[in-house]
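This briefing is meant to be read alongside the sequence and the coordinates. Please keep both at hand while going through the topics that follow.

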Amino acid sequence: MTLTVIILLLIISYLIGSIPGGYLLTKLVKNDDIRNYGSKSTGATNTSRVLGFKLGALAALIDILKGIVVISILLIFKFENYYLITLNNKEFDIIGLYALFAVIGHIYPIYLNFRGGKAVATSFGIVFLFTPILSIIGIFVFLLIFRLTRTVSLCSMLSAAFIVFLNLIFYLLKINFMAVKSVELVILYFILLIIIVIRHIPNIKRMIKHEEPKYYITK
């Protein structure tokens, strides 16, 4: 029974993660497909380029929240038997799997033929839930790099890397209020970083050629 519920929750996490905020907002406002514009992504950055900063921020909020819905329910109601499992007399924390499935839903949404976003905002929501102080530090790093470069893709990758490695340091030093509580979540953070970098490979190629567009806030 427990295994069945876990599988069902993983599917629900994926389906919620698949909700394409940027796509839906663009359909509502312009009656068009956001994947016809800019980077072809359904994420918040491309949404803000197409619809303006305010609606881009709304798309980001949707992406942030959809990554933590299932996790929040499990933690709030203490459904520990669905994320703390025992195998061979050893306990494993699998709550990160729900987060990972939400991110996979975001980048490969079933509703849009598996063409989605780049995982940044959804990953940020997950990081904010587990390590809010680190996420705030990450925001400052993002804003600092953005002020210097105006390149969102670079800011996203570097701030994500900074959070992941800082989390690892705090975890190893056992500074618990700054880091995640399990090695499984340390691994999750590294997986999210790898996903973010892979999803930004086209951006990296454009940066090497000095063709990556700068971002300027519009209404």
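Helix H1 (residues 2-17) supplies the largest share of the nonpolar surface patch, namely four residues, where helices (H or I, at least four residues) are DSSP runs numbered from the N terminus. The model is a predicted one, in which local features need pLDDT of at least 70 and side-chain atom pairs count only at pLDDT 80 or more, while totals for chains, interfaces and linings use all residues. Residues are numbered from 1 along each chain as its sequence is written, and side-chain values use heavy atoms, with hydrogens and water left out.

**Nonpolar surface patch**
- The patch is formed by Leu3, Ile7, Ile11, Leu15, Ile19, Leu24, Ile104, Tyr108, Ile110, Tyr111 and Phe114, which together have about 990 Å² of accessible area.
- Patch members have over 30% relative accessible area and no salt bridge, and nonpolar side chains (Val, Leu, Ile, Met, Phe, Trp, Tyr) are joined within 5 Å; a salt bridge is a side-chain nitrogen of Lys or Arg within 4 Å of a carboxyl oxygen of Asp or Glu, and areas come from the Shrake-Rupley method with a 1.4 Å probe, with only the protein chains shown counting as cover for residues.
- Tyrosine 108 sits in the loop between helix H6 (95-107) and helix H7 (120-130), and it counts as partly exposed because its relative accessibility is 38% (buried is under 20%, exposed over 50%, partly exposed in between).

**Buried positions and their contacts**
- Within helix H2 (residues 21-30), Gly21, Gly22, Tyr23, Leu25 and Thr26 are buried, and the buried residues of H2 pack against helix H3 (44-51) and helix H4 (53-66).
- Asparagine 31, which follows H2, has a positive phi near 50 degrees.
- Alanine 121 belongs to helix H7 and is buried, since its relative accessible area is 15%; leaving aside neighbours within four places in sequence, alanine 121 is in contact (heavy atoms within 4.5 Å) with Ala60, Asp63 and Ile64.
- Serine 135, in helix H8 (residues 132-149), is buried because its relative accessibility is 0%, and, not counting residues up to four places away in sequence, serine 135 touches Phe124, Val127, Phe128 and Ile163.

- The structure holds one cavity of 30 Å³ or more, and about 40 Å³ of space lies in the largest cavity.
- The elements giving two or more residues to the lining of the largest cavity are H1, helix H5 (69-76) and H6, with H5 giving the most, three residues.
- A cavity is a set of points, on a 1 Å grid over the protein atoms alone, where a 1.4 Å probe fits but cannot get out, and lining residues have an atom within 4 Å of a point.

Definitions and conventions: Patches are made of residues with over 30% relative accessible area and no salt bridge: like charges are joined within 9 Å, nonpolar side chains (Val, Leu, Ile, Met, Phe, Trp, Tyr) within 5 Å. Buried means under 20% relative accessible area, exposed over 50%, partly exposed in between (1.4 Å probe, protein chains only). On a 1 Å grid over the protein atoms alone, a cavity is a set of points where a 1.4 Å probe fits but cannot get out, and a pocket is an open set with protein on both sides within 12 Å along at least five of seven lines; lining residues have an atom within 4 Å of a point. Grid points are joined across faces, edges and corners, and a volume is the space filled by probe spheres set on the points.
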